[in-house]
Amino acid sequence: MTKLTAATAAAVGALVLFTGAASAEKLTIGLASEPTSMDPHFHNLGPNNAMSVHLFDRLIAQDEKQRLSPGLAVSWKPIDDLTWEFKLREGVKFHDGSDFNADDVICTMARAPEVPNSPSGYGTYLKGKTFKKIDDFTVHAVTGSPYPLMANDISTIPIISDSAGCDAATEDFNAGTAAVGTGPFKFSSYKPGESITLVRNDDYWGDAPGWSEVEFRPIKSGPSRVAALLAGDVDMIAGVPTTDIETLKGNDGIQLSQGVSNRVIYLHMDQFRENSPFVKGNDGSEIKNPLLDRRVRLAISKAINRDAIVDRVMEGVALPAGQLLPEGFFGVSDNLQPEAYDPEAAKALLAEAGYADGFQLTIHGPNDRYINDAKIAEAIGQMLTRVGIRTAVETMPRSVYFGRASRGSPDGLPEFSFILVGWGAGSGEASSPLKSLIHTYDKDRGFGSSNRGRHSDTEIDAMIEEALRTVDDEKRQDLLAKSTEMAIENVAIIPTHFQVNTWAARKGLTYIARTDEYTLAMGVVKE
Amino acid sequence: MTVFVIRRLLQAFFVVFLMSVIVFFGVNIVGDPVYMLVSPDADQADIEAAIRRLGLDRPIWDQYVLFLKGAAQGNLGDSFIFGEPALKLILHHMPATLELAFSALVLAIVLGIPLGLYSGLYPDHMVSKGIMAGSILGFSLPTFWVGLMLILVFAVELGWLPSTGRGDTASVFGIETSLATWDGLSHIFLPALNLALLKISLAIRLTRAGVREAMGQDYVKYARAKGISTKRIIFVHVMKNIMIPVVTVMGLEFGSLIGFSVVTETIFAWPGMGKLLIDAILQLDRPVVVAYLMIMVLFFVLINLVVDILYSILDPRVRLQDQGA
């Protein structure tokens, strides 16, 4: 089977070469990171999810700003406190010609959390939900307590075919036999590390994509990716290195597309230890952890020149951040602005807190996870040193960093005192960062799982939990915004900037930039 | 000879075992793969489940014993990231690396030896000086930089060759190779040249030194006095004598071509083992890293063995004996 598809792909490829790449409707995209599988339930990871959107529709789709819109479900609503009803789209066909109905949804929801060997599955989104088929085109999802985020959770689950996919193993998806969805593209070939080829689904229920064939080529090295675009080997690339943006802007043959992402880069401060391991007095002696004092945290926030980080370090490809998600997302507050740069006020606050001469601090960060992460840590180190907090900078590969930052101390607690991290809100609304970063760390209830500073405030906790119970959108929006305002008021966390992602395409093509950082062939439009 | 080979294989087995200890513990005490794998949305229970599933909650000695048990049955563990057996993944990516290393070796021999021969025969000629200067560049320029320059010049500026990727492959004896199609050949040329650059320089220098030394030897003078043609002296008598160091070094370098194709494969997005390794290291896919290193050790040991056997063929004075006894 694989041999056959490979041969077909080669034949098609040769055909395209002979007919001239420009005239054919083939699109070639250079990806910065490659999916680890074609099984849409194997690995809950950005690149995998982006790839599966081509092949497998969700019940509820997320548009380029992660707003929800009808997918395979035409409508959804809570019919009582514990039950959500999904009305399914009729007349939709899978790539193999079979009809889509409620059985496919039921079997998908059963398979998604249970894929063998999955490094990180979709159980996170399906916990505590029971699915029932009411009729061929109605499905009920029942929960134990009121659950407003149902639609967001469901929008992450790719729907596979009952007949072709539900009993299939991951290898069958990689071979293509089980990769049968209802999406705008069909599987053609998958060669790990080399290429993924898809062809248009001419029977697609929605708008048919403008490309008859799409080839994704993983090109990990940034400069090579740019070179491949300049050489005309690919039509578009994702993840343009910030250092190349200026050069590409000056190139007439290239068009850039940029958009802010749902990823905030922020600082977490140790707020749970009296003696923090990486905080020292000026003479190197142990001191009481100054980060417990709100005034010190606020001083740090004021000492950071966010505009300078955006302009100098990020070469303009970022937005200064004053909260957890950029404007336009559900649950953001209209009242919050990025903390203004004010070194004098920072010094005054430090003096007021009893640290007129400052103290010593180490900032830890990854050096291969976020755009320019190590450089940002260095810049912040210098800014803090300028207001008297003598800051050392230590960066490390993410494979080492995240383990230590999460549970690196001898007793399994976060090891560092002051860290640089990022958070992408996969659900596209503010409860995601609030629940994981701000809520008190609570292992049993699954709150604060990434709260590495261990900030804890019962009032904020209560409000977040109330938001997570409130099905009414308007009320929930208010509760989320209010929780965010209180967290920022407490300086529980210091947001620095929102990442802006850049795609580059050959002249005549534009990409509709997405906040979830996905690279989708459907978003590439001809002018 | 048979005794020699058996003894060497036993030694190899010991070396591989020793390496398994070093590699396994070396790789397993660094970093934490769990946070590379789980989605940020995962809560504490999900993270703990992932730790248990990967067996990381067991003491490291347990993990090592499990690994050895599996290894004895030819199972080097499942990749954390792909969920497939690490060995299968590596074998799947191996043909791409082997064809790249093989092409680079061919380039090194085809270009390096004639150039070295020429500059050895006419050391004062301007061309020879140019060749030697070039070989210094080949030695000293970093591979990743040269790779990017090759792409910029030949793919971006001139547009003669494709910048990255493997191109079309065809099946030869059941193995997919890009050496069998034009498109594949055009894709492999730049990465092979990039990888070969250091080896070309090495071959030039070795050949040149050998030729210069041999040309002054008595047997060459005697052959001259006998009236044998220069061509025969060079290509039969001199070449035979200088080939031993060249074969040794090139043989050993073949191992390093495979081992160090990592940089070239990353720059040219070549889907070989090296790229698999670098991805595995970055994402802390421990089983793949361990399996890759184990295979590399095996490779080096085997290549050494082959080089020893080739010696005895090239130089009848060398007898393969049980020297250890």
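In helix H12 of chain A, the buried residues are Asp373(A), Ile376(A), Ala377(A), Ala379(A), Ile380(A), Gly381(A), Met383(A) and Leu384(A); a residue is termed buried if 20 or more other C-beta atoms, placed from the backbone, lie within 10 Å of its own. The model is a predicted one, in which local features need pLDDT of at least 70 and side-chain atom pairs count only at pLDDT 80 or more, while totals for chains, interfaces and linings use all residues. Residues are numbered from 1 along each chain as its sequence is written, and chains are lettered from A in the order in which they are written.

H12(A) covers residues 373–386, and its 14 residues reach 20 Å from first to last C-alpha, close to the expected 20 Å. The expected span is 1.5 Å times one less than the number of residues. Helices (DSSP H or I, at least four residues) and strands (E, at least two) are numbered from the N terminus. After H12(A) comes Gly388(A), with a positive phi near 110°.

Chain B contains 13 helices and two strands. Its C-alpha atoms fill a box of roughly 85 × 60 × 35 Å along the principal axes. Of the 325 residues in chain B, 38% are buried. Contacts (C-beta atoms, placed from the backbone, within 7 Å) between residues of chain B at least 6 apart in sequence join residues at least 24 apart in 70% of cases.

The contact between the chains takes 42 residues from chain A and 45 from chain B. On the side of chain B that touches chain A, at least two residues each come from H2 (34–37), H3 (44–53), H7 (143–157), H11 (261–267) and H12 (273–282) of chain B. H7(B) gives the largest share, five residues. This side of chain B comprises 26 nonpolar, 11 polar and eight charged residues, where Ala, Val, Leu, Ile, Met, Phe, Trp, Tyr, Cys and Pro count as nonpolar, Asp, Glu, Lys and Arg as charged, and the others, Gly among them, as polar.

A nonpolar core is a set of buried Ala, Val, Leu, Ile, Met, Phe, Trp, Tyr and Cys residues joined through C-beta atoms within 7 Å. The largest has 109 residues, and Met236(A), Ile237(A), Trp503(A), Ala521(A), Ala104(B) and Ala203(B) have the most contacts inside it. Helix H8 of chain B (residues 182–215) supplies the largest share of this core, 14 residues. Leaving aside residues up to four places away in sequence, Ala104(B) touches Ala192(B), Leu195(B), Ala196(B), Lys199(B) and Leu257(B). A second, separate core of 104 residues includes Val317(A), Phe329(A), Val421(A) and Leu479(A).

Definitions and conventions. Buried ≥ 20, exposed ≤ 12 C-beta atoms within 10 Å, placed from the backbone. Contact = placed C-beta atoms within 7 Å.
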